[in-house]
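Q: I've got this one open and want to go through it with you. Can we start with the strands?

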Amino acid sequence: MTTRSDDRRGYLADLAEGVERFLEPRRADCPWCGGRALVTRLVSPDIVQVKPGSFTLEECRTCGHIFQNPRLTAEGLEFYYRDMYDGLGEKDTERVFRFTSKIYRRRARMVRRHASPRTWLDIGTGYGHFCRTARTILPDTRFDGLDLGAGVLKAQRRGWITHAYQGLFPELADRLPDPYDVVSMHHYLEHTVDPRREIATAAAVLRPGGLLIIEVPDPGSIMGRLLGRYWVPWFQPQHLHLMPLDNLTAALTDAGFQVVAVERQKADIGHDFVLAALVAINLLGPRPRRPWKDGPVTPVDRARFTVAMALMPAALLTGFVLDLTVRPLLPRRSNAYRVLAAAPRRGRP
């Protein structure tokens, strides 16, 4: 069993070599269309764990794709994901998932309007909260889950999913059972290194004509421009790709899918101002004794944390009021969109 001291020693060893090594060389072209007219959209720190490092999102003027550039290496992804969904951050992250059941029901109902699936594979299932809620909408559906983290095993132990698959989706695809009626990717695709490969893999594990439902942040939301680095859907350093709706639907079509339905407002998670307030407070005064802190805890660290905690009630109240009064008046305010697409009418290759 590891201890906080073990965690601290591990992080100090990583930090001793510098975090710049966790970034690949910057690329000069867009990974989506190959265009070379790139502009900086955002420079951000780690907004949740406040681990050391700075991250840049660039936008392609040709196709509008937004991507992390330079991108995290495999070692960098491990470093910045560590203790986020498992370990030290598990309880906080799972608490967030518990409070989004309204969105979970909307996802399940979107599929139910078009099909009555027998089997459903949820990619990036986390701890299985979506599947638990979706079973109340589709009681005759068997839900399986796939995720890189250990949360998927907990979901199976809880009985929220029938089968748990731990690992990377493209690498596990050949080991999955008979083709699924539905595959879902809810706030998963933006985390992946190669979104097109993930879509092609989904086509391979779906039955002919089966449904793929994808939900991702909407980089076209006005909230991203208003709130800048404090807009949570930018979510650096974890979000590697942010795809405009037209780009994603074109990629689905290229993979042989037929787009069945699109939802924007119904996919909106809301709460942008409240979440921005939380990010601001977190960056102002993060917890002083986090094991990845670069250097010892100082009186300034403690003072910043104390000030941040004192300001939190007012900041959250202000965000709540703005979400209720200002946000509903804004155009293109939805912070996410959802696409339902039918797979090619052919079997697994």
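A: Strands themselves are DSSP runs of E with at least two residues, helices are H or I runs of at least four, and both are numbered from the N terminus. This is a predicted model, where local features need pLDDT of at least 70 and side-chain atom pairs count only at pLDDT 80 or more, while totals for chains, interfaces and linings use all residues. Residues are numbered from 1 along each chain as its sequence is written, and side-chain values use heavy atoms, with hydrogens and water left out.

Q: Fine. What's the strand order in the open sheet of four strands?

A: β1-β2-β3-β9, with antiparallel pairing.

Q: Which strands stand at the edges?

A: β1 and β9 (241-242). Each has a single partner strand, so one side of each is left without a neighbour in the sheet.

Q: And how many bridges between β2 and β3?

A: Three, joining β2 (residues 55-60) and β3 (residues 66-68) in the antiparallel sense. Glu59 stands opposite Ile66 in β3.

Q: Switching to β11. How many of its residues are buried?

A: Seven of the seven in β11 (residues 336-342), so the strand is largely enclosed by the rest of the structure. Buried here means under 20% relative accessible area, exposed is over 50%, and partly exposed is in between (1.4 Å probe, protein chains only).

Q: Which residues are on each side of it?

A: One side has Ala336, Arg338, Leu340 and Ala342, and the other has Tyr337, Val339 and Ala341. Both faces are covered.

Q: What does β8 do with β11?

A: β8 (residues 206-217) pairs with β11 in the antiparallel sense, over seven bridges. β10 (residues 258-263) is also antiparallel to β11, with five bridges joining them.

Q: What stands opposite Arg338 in β11?

A: Glu215 does. Arg338 is also the bridge partner of Glu263.

Q: OK, aromatics. How many aromatic pairs are there?

A: The structure holds 12. The rule: rings of Phe, Tyr and Trp (its six-membered ring) pair if their centres lie within 6.5 Å, and planes under 30 degrees apart count as stacked, over 60 as edge-to-face and the rest as tilted.

Q: Where do Phe22 and Tyr80 lie?

A: Phe22 is in the loop between α1 (4-16) and β1 (38-44), and Tyr80 is in helix α2 (residues 74-81), so the pair ties together parts that are 58 residues apart in sequence. Phe22 is buried at 3% relative accessibility, and Tyr80 is buried with 2%.

Q: What about Trp120 and Phe143?

A: Their ring centres are 5.2 Å apart with the planes at 40°, so that pair is tilted. Trp120 sits in β4 (residues 119-123) and Phe143 in β5 (residues 142-147), so this pair links parts that are 23 residues apart in sequence.

Q: How do β4 and β5 pair, parallel or antiparallel?

A: Parallel, over five bridges. β5 is mostly covered, with five of its six residues buried.

Q: Back to Phe22. Which residues form the aromatic cluster with it?

A: Tyr11, Phe55, Phe79, Tyr80 and Trp292, together with Phe22.

Q: What sits over the ring of Tyr11?

A: The charged end of Arg82, 4.7 Å from the ring centre. To count, NZ of Lys or CZ of Arg must be within 6 Å of the ring centre and within 35 degrees of the ring normal. Arg158 has its charged end over the ring of Trp160, 4.5 Å from the centre.

Q: What's phi at Phe235?

A: Near 40°, a positive value in a residue other than glycine. Phe235 lies in the loop between α9 and β9 and counts as buried at 13% relative accessibility. Asp83 also has a positive phi, about 70°, and is buried with a relative accessible area of 11%.

Conventions. Two strands pair if DSSP finds at least two bridges between them.
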